[in-house]
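Colleague: I would like to learn how to read a structural model with some care, taking one feature after another. Could we go through this one together?

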Amino acid sequence: MIDSHAHIISEFYEDIDEIVSFCKEKGIIKIINCADSINTTKEVILLSKKYAGFLYPTAGIHPGNIDDENNKIDSLEKLIISNK
């Protein structure tokens, strides 16, 4: 089973190692880990490196966050390019 839309980030979970272990125990083989801001994009990229082959990052800014000064499209593009 593949989870195609999750938010496994520190904002929601204190122990991500525990969440990943639980998911694996339940038979999940891959998780698409979704971001909604520059900060969560950075985090899901780092988590995808830590849990390579299990957590896969997405990069994005939720429309509700687009007006935030820290969430600029050009910053997102630079982040994506530097983390191919």
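This is a predicted model: local features need pLDDT of at least 70, side-chain atom pairs count only at pLDDT 80 or more; totals for chains, interfaces and linings use all residues.

Colleague: In which element does S48 lie, and is S48 buried or exposed?

Modeller: S48 lies in helix α2, which spans residues 38–50. Its relative accessibility is 13%, and because buried means under 20%, S48 counts as buried.

Colleague: How many helices and strands does the protein chain have, and in what order do the elements run?

Modeller: The secondary structure comes to three helices and three strands, and, read from the N terminus, these elements follow the order β-α-β-α-β-α.

Colleague: In which sense do strands β1 and β2 pair, and how does the chain cross from β1 to β2?

Modeller: A general point about strands comes before the case: in a regular strand the side chains alternate between the two faces of the sheet. Here, β1 (residues 2–6) and β2 (residues 30–33) pair in the parallel sense over three bridges, and D3 has I31 as its bridge partner in β2. Between these two strands the chain passes through helix α1 (residues 16–25), and this β-α-β crossover is right-handed.

Colleague: How should I read the cysteines, and how many disulfides does a search of the whole structure find?

Modeller: In general, a disulfide is a covalent bond between the sulfur atoms of two cysteines. In this structure the search finds zero disulfides. C23 is in no disulfide, the nearest cysteine sulfur being that of C34, 13 Å away, and C34 is likewise in no disulfide, with the sulfur of C23 as its nearest, at 13 Å. For a disulfide the two sulfur atoms would have to be within 2.5 Å. Both cysteines count as buried, C23 with a relative accessible area of 12% and C34 with one of 8%.

Colleague: What radius of gyration does the protein chain have, and what would a compact globule have?

Modeller: A compact globule of 84 residues would have a radius of gyration near 12 Å, and the protein chain has 13 Å, which agrees. Along the principal axes, the C-alpha atoms fill a box of roughly 40 × 25 × 20 Å. Of the 84 residues, 33% count as buried, while the accessible surface comes to about 5600 Å², of which 53% belongs to carbon and sulfur atoms.

Conventions:
Residues are numbered from 1 along each chain as its sequence is written. Side-chain values use heavy atoms; hydrogens and water are left out. Two strands pair if DSSP finds at least two bridges between them. Helices (H or I, at least four residues) and strands (E, at least two) are DSSP runs, numbered from the N terminus. A crossover is right-handed if, with the strands pointing away from the viewer, the path from the first strand over the helix to the second runs clockwise. The radius of gyration is taken over C-alpha atoms; the globule rule is 2.2 Å times the number of residues to the power 0.38. Buried means under 20% relative accessible area, exposed over 50%, partly exposed in between (1.4 Å probe, protein chains only). Accessible areas come from the Shrake-Rupley method with a 1.4 Å probe; for residues, only the protein chains shown count as cover.
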